[in-house]
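I opened my notebook and went through this structure one topic at a time. Come along and look each item up with me.

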Amino acid sequence: MDRTMKKIVTLFLCTCMALAVRAEKVFRLTSPDGRLKTTVAVGEKLTYDIQCEDQQVLAPSALSMTLDNGTVWGERPRLAGSFRKEVDQWVNSPFYRSNRLRDHYKELVLRFKNGWSVEFRAYDDGIAYRFVNQLNSPFNILQEEVNYQFVADETAVVPYVRPRDTDPFNSSFESTYTTTRLSGLDKQKLMFLPLIVEAGDGVKLCITESDLENYPGLYLSGAKGGNTLTGVHAPYPAVKRQGGHNNLQMIVEKGEQYIAKVDGARTFPWRMTIVTTDDKDLAASNITYLLGSPSRLDDLSWIKPGKVAWEWWNDWNLDGVDFVTGVNNDTYKAYIDFASRHKLEYVILDEGWAVNLKADLMQVVKEIDLKELIDYAAARNVGIILWAGYHAFDKDMENVCRHYAAMGVKGFKVDFMDRDDQEMVAFNYRAAETCAKYKLILDLHGMYKPSGLNRTYPNVLNFEGVHGLENMKWSPDSVDQVKYDVTIPFIRQVAGPMDYTQGAMRNAVKGSYFPCNSEPMSQGTRCRQLALYVILESPLNMLCDTPSNYDRETECTNFIAAIPTVWDETLVLDAKLGEYIVTARRKGDSWYIGGLTDGTARDLEVDCSFLEDREYVGDLFKDGVNAHRIGRDFQSESVRLNRQSKLKLHLAPGGGFAVRVH
């Protein structure tokens, strides 16, 4: 090729590139404090990126939706208009970590031809986007393209799906975390949300979703490699069979070719990337709650959070009584008496009160007189909550709620959903709405992570989707639960409350723990169990151990019984992912401060400058001098504190502390 021809070709290529640049429309959105930025590009593809303090933490990443009519939202999109606004308001947040939250963001809305749009929001601690459909005619979504393209081979902290039965998406969502480079991710396994990617220089990105209504939950895969995580959704169920745990589940045997049905105009879930440079800010993020749809309940006066005397974890054990314990009225009356003595709000009847293998909640075992128990509890100001398997609850939901609400039951703990396809997500919303109709609270156990449902239906007080203390009944000693405990506040808890079920009075340090079904124990120290009531968020919070053990440990029991379950204010004071965390929560004029460490002994100093300018008394529980050998060893003392105080504490390996300041 001669020089003249080369010049012509070069000029042609430059002209094409210039035309391409001019054809691409670019929009920039900045967080209110200016720290986070996203650039949204509308060209051949619709992409966005994220910068944190001028550091690129997410490279341009494509987003799209493929419809069954052949349309692909996000490919060669035709822009129809754009709109910007800034919102700065306070929203009420009942039964949460604070009684109100600041909702401050900047928003960019891009409207496209053919009846769809994308909304972007920039908060000071995160970037979120969602698709919106304006079409009224029905269609199916074949797939949603969700991409996270990172700029380097970053470190990720992820929970892998552990599928069961024939459905690869059937999972308890209780996996512990794996830390590895993006290149080291298991490409054969899906990851569920939330998860974290560390972008260097202290920047961490927590990826999750909110306002997940009538749409399947998002999984991520590293199968494509190249520092990329891509989205995967469970298909809509086509063929199901009854089975699973005690015949209480519906197992998906075949999925449709699409992931979701769309009946008309609607919004889709928010895709969120929470971005922080300080781990304590990550643990304090409220974006998941803020992006949930506002409450659909006008009257919240009947919703009563609180603590629960729980019998399943301790295997219905009582000692020193003159009857054989188990699923019977004598045992439950003893639990009710215990709850009444300590002013606990509830007793739960876990699995066993309904006839097994029938999936019929109207059939009660002959050993239980349910009306007698409900009346006995009501006379002692204790409410009864009933456990329910998912399929049994789903197939007769209206009748079950009506019948047991009329009998005086206060709520349900629904278990073993173990899916988050569109059908299951719709079930959870329907359960919340039906329970609210009959003034019943709801604990969604056997459940994926919370995604804003507790804002939309505040009667949903708690969610599982966590490797909680119940796993200590069977997990081998190779499972590092104390490491997990100082990881979940930065990942799983960012999504919302957790049915972790703390409160063990048998406490085993490293080398002493072993799984035991009938007399289970925790890993770590006694004070760790006390601190978990402060660190973890559970508006409906279990006391997992037996009343007999609590009666032998009155000092700790009295402290636990007095801890609130919802708060006026929450501050994460000091924290490092996977190592330690210190949290302070206020209820009225009293503060509770809790701290945890991993398997390493640690000296912590708590800065009390958040207190008001007056003198306080603190009721302190700290690891005993031999807590590194004997997990139950603790010391309690009274301390005087003010806003100038620096409370110095030594935490044993797997240890913790808790203090009530009043």
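**Entry 1: strands β26 and β27**

I began with a pair of residues: F412 stands opposite L442, which belongs to β27. I then looked up the two strands around this pair. Strand β26 covers residues 411-415 and runs parallel to β27, joined to it by 4 bridges. I also wanted to know which residues of β27 are buried. In this strand, residues 441-444, I found I441 and D443 buried on one side and L442 and L444 buried on the other, so both faces are covered.

The average pLDDT of the protein chain is 95, and 97% of the residues score at least 70. Residues 1-22 read otherwise: pLDDT stays under 50 there. For that stretch I noted 2 contacts beyond four places in sequence. Where pLDDT is low, the predicted coordinates should not be read in detail.

**Entry 2: the parallel sheet**

Which strands make up the sheet that holds β26 and β27? I wrote down 7 strands in the order β28-β27-β26-β25-β24-β23-β31, with parallel pairing in an open sheet. At its edges I found β28 (460-463) and β31 (540-543), each pairing on one side only. On average, neighbouring strands here are turned by 25° against each other, direction ignored.

I checked one more pairing in this sheet. Strand β23 (residues 306-309) and strand β24 (residues 346-349) pair in the parallel sense over 2 bridges. For V308 I looked up the bridge partner in β24, and it is Y346.

**Entry 3: aromatic pairs**

How many aromatic pairs does the structure hold? I noted 31. I picked W312 and W474, an edge-to-face pair with 6.4 Å centre to centre and 75° between the planes. W312 lies in the loop between β23 and α4 (329-341), and W474 in the loop between β28 and α10 (481-485), so this pair ties together parts 162 residues apart in sequence. W312 is partly exposed at a relative accessible area of 21%, and W474 is partly exposed at 46%.

Next came F338 and Y550. Their ring centres are 5.6 Å apart and their planes are at 15°, so I wrote this pair down as stacked. F338 sits in helix α4 and Y550 in helix α12 (residues 547-552), which makes this a link between distant parts of the chain, 212 residues apart. Are these two residues buried or exposed? F338 has 1% relative accessibility and counts as buried. Y550 is buried as well, at 0%.

I also found a cluster linked by ring pairs: W73, F112, W116, F131, F139, Y215 and F268.

**Entry 4: charges over rings**

I went back to W312 and looked at what sits over its ring. The charged end of K473 is there, 5.0 Å from the ring centre. In another place, the charged end of K189 sits over the ring of Y160, 5.3 Å from the centre.

**Entry 5: a look at L297**

Where is L297? I found L297 in the loop between α3 (287-290) and β23. Its relative accessible area is 16%, and because the cut-off for buried is under 20%, L297 counts as buried. Beyond its neighbours within four places in sequence, L297 is in contact with W302, I303, A436, T456, Y457, P458 and N459. I also compared L297 with P138: their C-alpha atoms are separated by 28 Å, and the two residues are 159 apart along the chain.

**Entry 6: the antiparallel sheet**

My last stop was an open sheet of 6 strands with antiparallel pairing, in the order β32-β33-β34-β39-β36-β37. β32 (569-576) and β37 (634-641) stand at the edges with a single partner strand each, so one side of each has no neighbour in the sheet. Neighbouring strands are turned by 15° against each other on average, direction ignored.

Inside this sheet, 6 bridges join strand β34 (residues 590-597) to strand β39 (residues 656-661), and the two run antiparallel. G595 has F657 in β39 as its bridge partner. I then saw helix α11 (residues 526-535) packing on the sheet, where it touches β33 (580-587), β34, β36 (616-623), β37 and β39. The direction of α11 makes about 125° with that of β34. Helix α13 (residues 554-562) packs on the sheet too, touching β34, β36, β37 and β39.

Terms used:
Residues numbered from 1 in each chain as written. Predicted model: local features only at pLDDT ≥ 70, side-chain atom pairs only at ≥ 80, totals over all residues. Heavy atoms only, no water. pLDDT = per-residue confidence, 0-100. Contact = heavy atoms within 4.5 Å. Pairing = 2+ DSSP bridges. Axes fitted to C-alpha atoms, helices over the stretch in contact; angles between N-to-C directions. Phe/Tyr/Trp six-rings, centres within 6.5 Å; stacked < 30°, edge-to-face > 60°. Buried < 20%, exposed > 50% of the residue type's maximum accessible area, 1.4 Å probe, protein only. Lys NZ or Arg CZ within 6 Å of the ring centre and 35° of its normal.
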